[in-house]
Amino acid sequence: MKIDLTDTTASKINKALIEGRRAIGTPAVGMVLTMVIVTDEENAYDAIKAAEEASHEHPSRTLVVIKRHARLRDRTGSRLDAEVRVGSEAGAGETVVLRTYGEVSDHAGSVVLPLLLPDAPVVVWWPVDAPEAPAKDSLGALAQRRITDLYAVDNPLAVLDTRARTYAPGDTDLAWTRLTPWRSMLAAALDQARVKVTSAAVEAEAENPSAELLARWLEARLHVKVDRVVSDGPVVTAVRLGTADGEIVIDRPEGPLATLTLPGQPPRTLALKVRPTSELIAEELRRLDADEMYAIALTGEAPKENA
């Protein structure tokens, strides 16, 4: 069910949500968090689809904030339009698409605040155009977790350094989330090999932010220098860990399968696919506390307790 509201207010949107739930006979109970997506019109469809798919694991109220272009602001003045979706139109939760014009766009936090689920965690996700310091953004300040994506920027390694300077507990990035299978396999391989790593290399396409985060994480955890080796891609293609007994290698030149090689053991094939955005978002929503491993990979040290 969809309800369109033009030149509206937060109170009218809340009323429409109640009326929509009554019309389809669905209560609001069961939703575990509020997901706020800040995006543009071009990327809104894919972001909403990913959030709706993730909502089957994490039922949530999804608030999509779309700030319209400056020329549209001048033509329409200050205004808030909304599209309320409930039932099958909104996955396992409910979705409100907010289009802001004029001065309203500069006060998105005030628009979103009355629409948050009471006593529920808030997660903010910027699929594109994330602020330089997410925790200091008016919307980011409302959230326990703030999700960005270095794959959406033109110069990811420069932005990665900026994120390291502005990091606050609760920040995370999908470039890090994409590494979960790699980190799990590397940890399992080291548990089996039980050897000291003396050298390391990460092979990936040029300027890949996931590869840089993986290299920084390995340096912090293994206390060795990690070489960055440029490959044809896509994304991370191999990790090589040197030991006195031989190399530990995870190699995925292409496709969803990787080869794990341990010293003195035959190679084995493992599943290591590139996951869709909906799976990445669902993983991030499983934990709402600070991700210390991301902080270590990003900054080289664990976050301070009072940060």
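Start by selecting D119, which counts as exposed because its relative accessibility is 88% (exposed means over 50% relative accessible area, buried under 20% and partly exposed in between, using a 1.4 Å probe and protein chains only). D119 sits in the loop between α4 (108–112) and β6. Check its backbone too: D119 has a positive phi of about 55° although it is not a glycine.

A quick word on what you're looking at: this is a predicted model, where local features need pLDDT of at least 70, side-chain atom pairs count only at pLDDT 80 or more, and totals for chains, interfaces and linings use all residues. Residues are numbered from 1 along each chain as its sequence is written, and side-chain values use heavy atoms, with hydrogens and water left out.

**Stop two: the open sheet**

Now show the strands. Helices (H or I, at least four residues) and strands (E, at least two) are DSSP runs, numbered from the N terminus. Strands of a sheet pair through backbone hydrogen bonds, either parallel or antiparallel. Here, two strands pair if DSSP finds at least two bridges between them. You'll find 8 strands in an open sheet with mixed pairing, and the order is β1-β4-β5-β3-β2-β6-β7-β8. At the edges are β1 (2–5) and β8 (171–173), each pairing on one side only.

Next, pick β6, residues 122–125. Which way do its side chains point? V122 and V124 point one way and V123 and W125 the other, and all are buried. On one side, β6 pairs with β2 (residues 33–39) in the parallel sense over 4 bridges. Look for V36 opposite V124, and for I37 opposite W125. β6 also pairs with β7 (residues 145–148), again in the parallel sense, over 3 bridges. There, V123 stands opposite R145.

**Stop three: the nonpolar cores**

Select V202, L213, L214 and L218. Of the 36 residues in the largest nonpolar core, these touch the most other members. Such a core is a set of buried Ala, Val, Leu, Ile, Met, Phe, Trp, Tyr and Cys residues joined through side-chain atoms within 4.5 Å. Which element gives the most to this core? That's α8, with 7 residues.

Zoom in on L214. Leaving aside neighbours within four places in sequence, L214 is in contact (heavy atoms within 4.5 Å) with L179, R183, L186, V202, V236 and V239. Another core lies apart from the largest one; it has 27 residues, among them I3, L98, V111 and L116.

β9 and β10 (residues 226–230) pair in the parallel sense over 5 bridges, and V202 stands opposite R228.

Finish in the loop between β10 and β11, where you'll find P234. A cis peptide bond joins G233 and P234, with omega about 5°. V235 lies in this loop as well. Its phi is near 45°, a positive value in a residue other than glycine. Is V235 buried or exposed? V235 is buried, because its relative accessible area is 17%.
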